[in-house]
Amino acid sequence: MLTFLTIDENRTKGFLPLRDKVLTELKSAEGIDVKHIKYIHRRGRIRWDKIKKYAGDECERLLTPESLVLPKECGLRRFECSELKSRFCLNTAIGVLKFLKSFKGDIRVGVFDPDGSFADSAEILLKYTQSLTAVTRMTGIYGAEAERILSESGAVLSVSKRLKSLSSAKLIIAPQRLTVQLPVEKNAVILTSSVPSVPQRCGVYYRYFFSLSEELLKLLPQGFDAEYLASALYTLKGRFDLGSIMPQAVKGEGLVHTLVSLSKYLMNISLNT
């Protein structure tokens, strides 16, 4: 079961000894059961212990609004996982590169993957670009993949530990959260899975827009988005089919691109630089 938690700050005036309330709502769709715990906070401190009883076994992976701060000592934890968004990051890059190849366009692509977790994605990326550089600490993993790809298809994957190796890339794929500033040009594009912890020099995209079935969307309480629900379904409920979704658009800080518009942008900068 997936469990959502919201807190309604329904403060009242006067001297009536009104107590906080806990309401629960159950929904089901496509074999997925969802519980929504709605805590109506009227006065005094929030009874986190009371919420924990309602959450039960789900208290360590509650789906909550980003704005809700859970105290460390309350015994409740927010579900956070970027596994699916990492897949969306890669899928978006593949979609863009497919579009460019259909118009005989080619750009320099970089993959920033310090832990080597996405080395198996290099082969499909090389189907759509002739210039792919992977920057990673795990050069052994990527090196073995580069040798295999070269022997089987003749495609060349460059592998490096140096961040500077990304400097000429126009599209940079960073499936995990960025904790360093990448030395890229201002007109480059970074696709990643969450807001970087340090500022970047170019446009960064980390929100992905896509379609879910109407039945699944009915599971969402007000104030939650489809991306968060899909991440929970993928990670907690084994809905790995969601990992094959091709996003329709991406967003960064005030920037929105469809896959087509992003492809055209990258094509223009590759032609003019």
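**Helix H6 and the chain around it**

Start with the residues of H6 that are buried, with under 20% relative accessible area for a 1.4 Å probe and protein chains only: Ala 226, Glu 227, Tyr 228, Leu 229, Ala 230, Ser 231, Ala 232, Leu 233 and Tyr 234. This is a predicted model, where local features need pLDDT of at least 70, side-chain atom pairs count only at pLDDT 80 or more, and totals for chains, interfaces and linings use all residues. Residues are numbered from 1 along each chain as its sequence is written, and side-chain values use heavy atoms, with hydrogens and water left out.

H6 itself covers residues 226–236, and nine of its eleven residues are buried. Helices here are DSSP runs of H or I with at least four residues, strands are runs of E with at least two, and both are numbered from the N terminus. What do the buried residues of H6 pack against? Their partners are strands S1 (2–9), S3 (32–41) and S9 (203–209), along with helices H2 (83–102) and H5 (214–217). Just past the end of H6, Gly 238 adopts a positive phi of about 65°.

Now zoom out. The chain has seven helices and eleven strands, and its C-alpha trace spans about 75 × 35 × 35 Å along the principal axes. Of its 273 residues, 49% are buried. As for contacts (heavy atoms within 4.5 Å), take those between residues at least 6 apart in sequence: 57% of them join residues at least 24 apart.

Terms used. Buried < 20%, exposed > 50% of the residue type's maximum accessible area, 1.4 Å probe, protein only.
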